[in-house]
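Please examine the sequence and the structure shown below. The paragraphs that follow lead through a sheet and a pair of helices.

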Amino acid sequence: MKIKSYYIFMAFFLMCSVAIAQKMEINGSVVSDDGMPIVGASVILKGTATGAQTDFDGNFSLTAERNSTLVVSYLGYKTQEVTVTGAIIKVTLPEDASVLDEVVVTAYGTSAKSDFTGSATQIDSESIGKRSLTNVITALDGASAGVKVSTANGQPGSSPSIRVRGIGSINASSSPLIVVDGVEYVGSFSSINPNDIESLTVLKDAASTSLYGSRAANGVILITTKKGKKGSRTYSLEASTGIVTRGVSEYDRVNAEQYYPLMWEAMRNGLSMSGTTPEAQANIDATNGIFANLGTNPFNVPNDQIVLNDGTLNPAASLLYPDDLDWQAPLLRTGIRKNINFSFSGASENTDYYVSLGHLNEEGYVRKSDFERVTARVNINSQLEPWLKTGLNMAGATSTSNNANDGSSTGLANPFRVGRYIAPIYPVYLHDTSSGAYILDDSGDRIYDSGTNRIGSTSGRHVVQENLLNTDKDKNFSFNGRAYAELKFLNDFTFTFNAALDKRFINNESYDNPLVGDGATEGRAGRTGIVNTTVNYNQLLKYDKTFGRHSVGALLGHESFMTERNYSRGSKSGLIVDGNSELINFTTGLVTNSYTRKLAIEGYFSSMTYDFDKKYYLSASFRRDGSSRFSNDVRWGNFYSLGGAWRIDQEEFMNNVTWINTLKLRGSYGEVGNDNLGGYYVSQPLFSLGYNNMGEGGILASSAGNQELTWENNIQSDVALEFGFLNNRISGTLEYYHRKSNNLLFDVPLPVSAGLDDFPDNIGSMSNKGIEVDVNFGIVRTRDFNWKLNINASTLKNEITELPQEELINGSKKLVVGGDIYSYWMRNWAGVDPADGAALYVVDPALQETGETDVRTKADGTMVTTNHNKALYGFAGSAIPDLFGAINSEFSYKNFDIGFTFTYQLGGETYDSNYASLMSSGASYGSTLHADIVNRWQKPGDITNVPRLDVNQSSAFNASSDRWLVKSDYIALRQMSFGYNFKELADAIGLTRARLYVNGENLFQVNAIKGLETGENFNGTNSNRFTPSRVVTLGVNVTF
Amino acid sequence: MKIYNKLVVLVLLMAGVSFNSCQSDFLDELPTEDIASGSVTGTTDNMFLVVNGMHRSLYVRYGSQGRSGESALMLQMENLGEDYVNTANANGWFIPTYKWNVHTSATSGDDLFPYRTYYRIIRNANTLILGADDAVGPIADKNAALGQALIYRGWAYFQMVQRYGKRYVPGSDNSQMGVPLRLDTGDEPIARASVEAVYAQIHKDLDEAIVALEGYVRPNKSHLDKSIAQGLKARIALVQGNYPMAAQFAEDARVGYTLMNADDYFNKFSDYSSSEWMWGSHIQEDQTDYFGNFGAYISRNYSSSNIRPNPKAISSKLYDLISPTDVRKSLFDPTGQHLNLPPGVSLLSTHSLKPYTSQKFIAEGNGDSRMDVPYMRVSEMYLIEAEAKANLGDPSAANVLAEMAVVRDPDYATTNTSGQALIDEILIQRRVELWGEGFRFYDLKRLNQPLDRNGANHTPSLAVVFDVPAGDSRWQWLIPQDALNANPLLEQNPL
């Protein structure tokens, strides 16, 4: 229905455009110095808003009177004016010496890139438009040196995490500030239609970010939405459809025929090696007893004859239901992604407009995971008076999504966990135990096996059934509005007032069925409603003046920001009537709750820019910010930056050096801040409500607070060389950065005896430094064939320089001065004893007493222990990479184009806890094993790194240690697109552009272990999460 | 000129709209979910908010599912003993404790859980004890709040010193390391006080509580009155081998309570309004912790992934010691069939049937794990008094035991009237009476007895540890690593 209505819209607009094209035409073409057609150049009839854009062959047509003047312009070329003398016009645009003169979106404004003293990377709508992105932030992956993006999970619409230039803080947020159309954005990126995005800009250094002061410590991402352009009225229609599949394959695991003998061996060794049963008797006991420990016999042989006394599978055994032992298959599917976007834009003399509608429906590759979104945007700007301009940009997005249950990595309803670890002997459905046939219900359907014969946590649960019967559904509505008025006065002054309102309504529906799982036996349901409101005002007074060769700019500003979260939740149990999860259909109230949280920030700021002769640039900025997170006396902080640039290419002595087109040296230094230690009220000592004892109100001490808590600051320096050689065939940036985080906002651990875990304080410091390289090669630039290659790379060195206590152990990491934030601190694995297959750890000399039976000496003299509690801990690498970056390339040959992005990482390690669990030598009954378990120790003399299977040794043999660290090196094909432009056809039917494309996202990753998803978390850990999806899309893009 | 008029108006308008943020309170935000610490001892009404919070702190979750308040701490004490039997691994909760892997590993979250939880309760108690003087309100209310805070502090230190300290040896100076004695809301590191010093403070708190709570009538048994302070004094004196004190306080404490009859014991044991219960938690529907509740582990009928495969059983050896006519024998089923359940109670087909499983505890329903949690029952007072008197050679000891035992078993007839034989009988009665209620590890430790799980229905691969000699270093819980990391003055126990 919805799609149909879009087509009606489209047809309506098509008719309009035909009706307008009535007059006599001029046909022209625009080419560059070297005769190459310029695609997308703007041709405007001077003094009017009438105009056209050149097509793929550089051709344009428009109606004009003889002797009128056309203004022809294109980015990177000098604008030309030509007089209409005939019906056919050829315009040659000379290249502008400074091709770097792209416009960069900056804090509270824009700047020509050549004039910019800061560090920024911009991604334009062109490259976003070639990809089928549900979440626009995904486009940042691989786009900029020094920006690390963790892949979003497989839930359609989910957002990745971003780190700009290392890890800024230990306990406070390390995520960059996100600004949409000039205002901090608190909503979800999935509410933004990627097709509405004009540009994404990453601001990396203090000179570019410090106007955001207190929120800029971890970099800033600016998202700018599209607006109408003068000179063309454009209709754009994009429709695509694609398939969504699992992007990371599963770990290799054993099958049923392998599993039973392996568990027999684990049981036997538990009796004979950990226990005192003689081996011959243990063999008999294991053969007789293994069935009882596993609960289910999937074979056609008696329960006590599945595994023979020699530990081999009974040769007569064959599986009764071999096709029903995979617990992932019933929940996996190939999802379908459908997307349609329609927009129109343009400008009259005084007013420009952009209007879009979009509809997306994406199914995840797991059943009951999907995302449907409808977006609309209107952006109108009008020059009401010569001195007054105003505009309104409004977007609405509504979405509905079913979420797959991966919230808890260890949850029993988590299909990724259960599907991975369940033993391959348990059927999904009920079977006749003798024939193996499916047992069917009255209507002929298979019946889920309720699992009383399963051993372990899956007993009595059914992850497939639960996921199909349960519901976790979000219905969201987002409104984002931006309005402004801009006044020009006294020639050089501009006053701008911006007001923004972001509102987000979240409604979550949860339902746990009464048959199986957490909701059994009564059924329960919950509703959560959240309203997020963000209001932002700012006032900017700008002054720009050029005196001869001097240009001066100044800015004075004020900003106030307030965000509020209203939360309410109710849940009930006791389902009354099937098929209705509304709370009225339940008998018993469980939880009713609500709260409001509010954060306010206010800032005053100023900046100055100066350049002399477009050669020497200076910039300075200052911001004073107050945050409601801190107490009255200490809530204000001062932030600043200084920047400078020298455009060496503009110097006279460079005139003769023709092979250098661009050469610019720039540097910056400044201080920005961070107030985000989680809660909005961290500085206040509090007792928390919510501890009622029956009907009596109760409170408990919840936070120590700290009235002195204040800003974490981040001192950043940056020096860079921007270059362009050989007609800019080779161009790029070489950059060094150093960030020093001081007065870290720290949850300082308290002695546990204080009765609270920690208190917030400004203690500690940490630095991040690295070199970033970004090089673009124009390898081939001919009329028919173009090949561009971009390589970016960044190093990262993170170092803790001060801590509140000598060392802080945090899970698998230990923080010490001189170490990095993600340094692993683990037991030192010392291999497997060839004599008995025991796991060995290097013994901690402090815990080693003479004559102890659990301490051994290895052949090489190393003192080792079989007791993991006596193991020596030590540093064992880090999750921080040595080098990471991306390789981007675009080819075009005639009508074809191909583009791709590889991302890569060298160095760093991942702690693969999923692999560790699958390699459990303790082998808990009912859990499966990794295929690598075939390398286990089996008899004295075996030299291996995999201990013996032994059910009694799970703690000792499978303790966390550096055994489970794997290299994080990887290369991944993040995206690839292939397009065909129907130039002739488009011309023939009057379209500006028609493109057919295939795009693939997340195509593959090559890394250490099959099944591992390197880079899931910045800290190198992994979990049983919804692994990313691979999306392959076929689409068509038409502009007219 | 006209243009500039318009402009001025516009500028003023926009400035007016936006500079409203310059109001001086724009940056002053207060939470809606919390109360400023400074005001909690301002009035006696506020003090009671904290008292109720402490009552509630006995049944809230501390991080992970196996860490739901005092009932989870009681389950730890049971899992470390020999009378409580896990019949399967199920979803694994408490199995590492059962294997003695938890409190012997300083990095274990379950080793930290008691230490952290009790100190949290102590911090709240300290807030009230220190601030009571300044609270505005009736003196009786002030005393009621203060008295309960003192009980909580004394009780929490008692629970902790029994775990983390070396055994209290009656008659010695008990200078071995106890736990840090934090009596205020300060944050700085402090060293461990001696076991003797900790016990001295506990007695001081309870003595003051008894004075403060004189005449206080509580609204229900989730609150603490004088009898609870007396009952705790009796418990503590027993650990210290101070038998006269134990006997006296046990006798004082049980005034006003009566033992449940056999019918109630069988049909509705977990009812805190019972005349036998002295102190317990009652969990309202909207305050449930679902799979974390006591009933989600120890009840027979709740359908949790823990109970279905792993219904909890009594040691077959202990079961065999119970007289056939004792109502308590009917709470355990050697066949595991549970054909005789209280009215309205049923098991699901997915509930595994295992020998010797318990139906002492029954949850609200198959889908509702709530049930009242017992922290003190009057039968314990009889047992304390009898044990103390038997140790003193008091001839009335056997009568005190019989007074309770005959209510459980109409055919009860004592055969032992004095000496070690009587003490042994009292201790068996104690194990049977208090099964599942969190006493066993404490009792083994105070009696300096070994752990002996042999010859009963423990599964070797689940229990793993069958013998721990008396006096072994493992009777002392390791000081949690988190506490050591943040407190340089803290010393670890022997590994």
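In this predicted model, Val72(A) has Gln80(A) of β6(A) as its bridge partner. This pairing belongs to the contact between two strands: β5 of chain A, residues 69-73, is joined to β6(A) by four bridges, and the two run antiparallel. Strands of a sheet pair through backbone hydrogen bonds, in either a parallel or an antiparallel manner.

The sheet that holds these strands may be considered next. It is an open sheet of four strands in chain A, in the order β3-β2-β5-β6, and its pairing is antiparallel. The edges are formed by β3 (51-53) and β6 (80-83) of chain A; each has a single partner strand, so one side of each is left without a neighbour in the sheet. From one strand to the next, the twist averages 20°.

Attention now turns to chain B. Two packed helices are described by the angle between their axes and by the distance between the axes. Helix α14 of chain B spans residues 397-408 and helix α15 of chain B spans residues 419-433; their axes come within 11 Å and cross at roughly 25°. Because angles under 35 degrees count as roughly parallel, α14(B) is roughly parallel to α15(B). The crossing in which α14(B) passes α15(B) is left-handed.

Which residues meet where α14(B) and α15(B) are in contact? From α14(B) come Ala397(B), Ala398(B), Leu401(B) and Ala405(B), and these meet Leu422(B), Ile426(B) and Gln429(B) of α15(B). Of the residues in the contact of α14(B) with α15(B), six are nonpolar, one is polar and none is charged.

Definitions and conventions: Residues numbered from 1 in each chain as written. Chains lettered and ligands numbered in written order. Predicted model: local features only at pLDDT ≥ 70, side-chain atom pairs only at ≥ 80, totals over all residues. Axes fitted to C-alpha atoms, helices over the stretch in contact; angles between N-to-C directions. Parallel < 35°, antiparallel > 145°, perpendicular 65-115°, else oblique. Left-handed = near helix turned anticlockwise from the far one by under 90°. Contact = placed C-beta atoms within 7 Å. Nonpolar A, V, L, I, M, F, W, Y, C, P; charged D, E, K, R; others polar. Pairing = 2+ DSSP bridges.
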